[in-house]
Amino acid sequence: MMTVHEVAERYGVSDAFMVRALDLIGFRDAEPGTALPEATVDRFEAVFGNKIRAARPAPDPEFRAESDAAPTAARAVRKPKPHVMRVAHAAVTGSRDAQGNRVKALLANPGPVHAMDPVGTWDGDPWSGEVVPGAVHFFGGPLNSGPRAACGWMHIRAVLGDAFVPAGDPRAAGQCPRCAELVAEGKGFRSPPGSYDPFCHAFLYVKFNSQVEVQNCSLSGEHRGLHRTRDGATWDIGFDDFTPAPLDAGCRVTKVS
Ligand SMILES: [Zn+2]
Ligand SMILES: [Zn+2]
């Protein structure tokens with residue numbers, strides 16, 4: 001039997017889309033690891049197979065041209081990990097470890113948490129693009145130093161391994177509202193000068209039936225026109241010009257924060 005994730009991979013759609021599609025054909029509460037009976041996979045193919053193939057976006061012409069011209073070089077380009085927008089604390093406290101040495105520690109109530117793209121800071125991304133919940137990296141130097149948050153807040157003192165996911169109500173969730181707004185629109189990234197990136201990392205947080213999901217642009221870094229996910233959702237500026245994937249047409253799509 002194939003799992004939900006394996007079937008999603010076969011069709012080139014996201015796990016989140018698979019779960020919603022399965023729900024529509026009466027297979028409820030599926031998760032990426034759920035094994036699917038063959039009859040369910042057949043039913044999925046019957047209902048969605050042609051629609052998915054019809055909605056498949058054409059490959060980005062610029063990128064295809066480049067690949068055709070230099071197939072070996074194109075294969076050698078490893079897809080870089082997307083930047084993770086992380087949770088950042090503007091204040092930390094001092095503590096002592098078991099040996100009595102002074103160490104930095106997170107505050108129980110750090111105030112609103114900010115979002116930060118650590119790529120391009122002096123320390124870089126401590127977790128190389130992986131989400132590592134609960135991990136902490138403290139910035140060195142005096143208290144009035146430290147990199148800038150997405151909203152422009154100076155002197156971030158600690159960054160967490162967790163991804164910053166904008167809440168529906170940022171204030172109630174203890175998030176900086178400006179950071180939440182920027183991240184929801186896929187903004188607030190730091191772009192190190194002179195960096196070359198063959199992939200577009202634009203993304204947008206959108207609520208599908210009250211579930212917050214990320215929409216990732218699957219095109220190359222230099223693409224023109226709309227951002228497009230591999231399910232076929234598109235946008236240019238943000239939520240206001242967002243068009244859901246044809247297969248998500250039945251969902252209630254609302255703005256995050
Ligand atoms: Zn902020
Ligand atoms: Zn894009």
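Predicted model: local features only at pLDDT ≥ 70, side-chain atom pairs only at ≥ 80, totals over all residues.
Visitor: What makes helix α6 largely enclosed by the rest of the structure?

Guide: A residue is called buried if 20 or more other C-beta atoms lie within 10 Å of its own, and six of the eight residues of α6, which spans residues 177-184, are buried, so the helix is largely enclosed by the rest of the structure. The residues concerned are C179, A180, E181, L182, V183 and A184.

Visitor: What covers the buried residues of α6?

Guide: Contact requires C-beta atoms within 7 Å, and what covers these buried residues includes the strands β6 (114-116) and β9 (203-208). Just after α6 comes G186, which takes a positive phi of about 70 degrees.

Visitor: Why are the buried residues of α2 said to line one face of the helix?

Guide: In α2, residues 15-24, the buried residues are F17, M18, A21 and L22. Seen down the helix axis, these buried residues fall within an arc of 130 degrees, so they line one face of α2. The helix is followed by G26, whose phi is positive, near 90 degrees.

Visitor: How many helices and strands does the chain have, and what share of its residues is buried?

Guide: The chain has six helices and 13 strands, and buried residues make up 29% of its 257 residues.

Visitor: Among contacts between residues at least 6 apart in sequence, what percentage join residues at least 24 apart?

Guide: Among those contacts in the chain, 58% join residues that are at least 24 apart in sequence.

Conventions. Residues numbered from 1 in each chain as written. Chains lettered and ligands numbered in written order. Buried ≥ 20, exposed ≤ 12 C-beta atoms within 10 Å, placed from the backbone. Helix = DSSP H or I, 4+ residues; strand = E, 2+ residues; numbered from the N terminus. Contact = placed C-beta atoms within 7 Å. Arc of directions from axis to C-beta.
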